[in-house]
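Reader: I have a model open and would like to go through parts of it. Can we start with a helix?

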Amino acid sequence: MRNYENVIYAYIIMLLLIICVGLFQSWSIALTILNYCLISAVMTIGANIQWGYAGLINFGIMGYTALGGLAVVLVSVDPVKKAWQVGGLNILGSIWIIVAIVFITRFILKRFEKSLIRNYSIAFLIIAGVILIRVTATPGIEAIESVDPAVSGFLGGMGLPVLMSWIIGALLAGALAFIVGKIALGLRADYLAIATLLIAEIIVSIIKHEEWLARGVKNVIGLKRPAPYEVELQKTQWFRDFIEKIYSNKLELINTIAQKKIVLNQLIIDASSIFVKLCFTSLFLSVVIILLIVTQKALYSPWGRKMRAIRDNEEAASAMGKNIVKEHLFIFILGSAIVGLAGAMMVTNDGLFTPGSYRPMRYTFVIWVMVIVGGTGNNFGAILGGFVVWFLWVEAAPISLFLIDLFTAHLPETNMIRSHLVESAPYFRFLLIGIGLLLIMRYRPQGIIPEKIIKQ
Amino acid sequence: MDFLNAIIVLFNFTVIPALAYGSQLALGAIFVTLIYAVLRFANFATGDMMSFGTMFAVILTYYFQSLGFGLGFLPTALLTIPFAILMMILYMLIIDKFVFSYYRIKKSPPVQFAMVSVGVMFVTQALIRIIIGPSDRRFLDGEKFIIKATEFKEMTGLAEGITLKSTQAITIIVTLVVVSIMFWFLNRTKTGTSMRAYSDNEDLALLSGIDPKRVVLITWVIAGILATIGGVLYGLDKSYRPFVYFNNMLPIFAAAIVGGIGNPYGAFFGGYVIAFAEILLTYSYKKFVAYLLPSSLEPNSLMQLLSTDYKFVVSFSILVIVLLIRPSGIFKGKTI
């Protein structure tokens, strides 16, 4: 138990901070922060598997998150029948062309010796393929995008329950990771970072600009939810009774019936949003707990020991007969799949898919800061990092506004420096996160909760 | 005549913009490659450092404009570049002193350096947004065009015109001057040679009496010059917006790696490779083809390989292909 004392203290402090937000700002904000903390925790578990277990640097987290989000749209949205009728064949045709190109390229690579002619023929094949795809797809895409462009203009999804998309999102991200891993995993660490960063950019820009797929920058709104909707909840009898019972003391103090009704209605509206958020919280919490148990078991299993051995000394592990390339690829896929799951969870939580919002700053670098700050190689640390950094990310603006007010209190309201600082308060979060990262890297490179090796 | 028109269309819409954009990328790529060769890490703060230098140029331009200083038909920003460079070098040296030097002495692995540079990126980005804000700013003044399309048409009597913006001309000229001075410095002076020696083999360089502190200092000074000039030229040509500078880091990285990272010649070349590839692959050839083919064969489509939305994707794909086929880059850089 002694071993876990620090961990427990750290989590209790974190929980108290969130409760503070609930008390001083509002419970709705506190729950939103908590939900996002949990989603961040799933992402950091994924990144930590790659970086902490195996020492693979993946700056492409944004790409997998976006792909997970895309999965929600593709799975849960109802299919747009008209769009399929006008352009479905063209899209399917282009997909078949892509598959054919990939297989022919593989065939050429396998069948013929390495030569200049082979390279040129592959290049020719790909360029011809791109032109062919454009010819087949363009009329279809134009037709699809002109179907009701204000609300749909895309192919829609499969109309399945939204929770299915979490699994599909993980699978999609894993499949992408397989391709990326095949291409990039042989590179040295910092090249791998750059390559993954750029590949993630490619993925996001495809999602952004292919409007037939998921409306691109026009966003998809009103996605399905695994939790009840507020409006319906407010009409449900048992929920109304429940709220009335909880606040019965408060309601008794009000004299007139009309006023009582108004107050009760307001209470129900507030409570319904909190109830919905609690539903999400319990879903996310169960995902985090399941992942934590599984990853923790894996870390201390023979497999985990093997991964650590490969991370700490590749040559030695290779000499012991471990297949490093294969293990790296496997763990890359595993970590990315978890990040994809987190991406799907996030879109489900928001209820909307906004490809324009995927930026490397927020979805790659902040996640990395979480892993580094929390503690690489330790799942409890990574999750705590997700909580701490997300909390700071959200609360940095109010805190810095408070500090600016404190330090510039002697200046008049119209002072230029003061008003400029107040205007730029939202950007202090970058400063806070950056300085935090630099300090942690310098003085506690192992993170808040360092990796623990249990001798077995 | 049609042939000449076709050539001019191509020249006006692809070659000139690509040369200007390529010069801006090349300066950034040499900055990346220099840091990589001498200090041995991939600097993720590249884009934001360029933005930081440009920020001073923008602020000083506004200040000079309010004082009434100017260069007549040239943009005032050129006058502010030396001051901006000084501020930039000062900032870089402070960052190096408090952040990077510790890891250099400890001989940390490159990944740790990369993570630290991410921290620097966050801090720099915050400082920029706090000082100047995230909005879009134009700070170009003076003459806008050197050759206008209409004038060109009148002069030559052709149907198509060439437009040469003054910023494009300035970009290309300044880049050539700066880069040739830098190559002369690296190859012909004693300090430049000692830098190359330090980059090739650190221990051997130390043994032969090269002062590592001096080498690092000179590297940051050159890096500051390149970053600021590159940033200001980009800002003059397009506009100054902090977020765009962060995004530009990615094609710059691509240029440095495609050329062969650690090799300044390669980076210079890589900048143009990326720029030309981006523009040639996303340019619509309809007008060009229309001039060459008889009017009966005139194409209906835009004759565009990829839509312009995929500009960045082109450069990243080139990078991926280069990493796959020739990981050391076109010019042989450091081994990966």
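Author: 23 of the 27 residues of H2(A) are buried, so H2(A) is largely enclosed by the rest of the structure. Buried means that 20 or more other C-beta atoms, placed from the backbone, lie within 10 Å of the residue's own; exposed means 12 or fewer, and partly exposed is in between. Helices are DSSP runs of H or I with at least four residues, and strands are runs of E with at least two, numbered from the N terminus. This is a predicted model, where local features need pLDDT of at least 70, side-chain atom pairs count only at pLDDT 80 or more, and totals for chains, interfaces and linings use all residues. Residues are numbered from 1 along each chain as its sequence is written, while chains are lettered from A and ligands numbered from 1 in the order in which they are written.

Reader: Where is the kink in H2(A) centred?

Author: On A:Ala47, and the kink is about 30 degrees. The bend is the angle between axes fitted to the seven residues ending at a residue and the seven starting there.

Reader: And what follows H2(A)?

Author: A:Gly55, with a positive phi near 70 degrees.

Reader: Other chain now. Is B:Val215 buried or exposed, and why?

Author: B:Val215 counts as buried because it has 22 C-beta neighbours inside 10 Å. It is found in helix H9 of chain B, residues 212-237.
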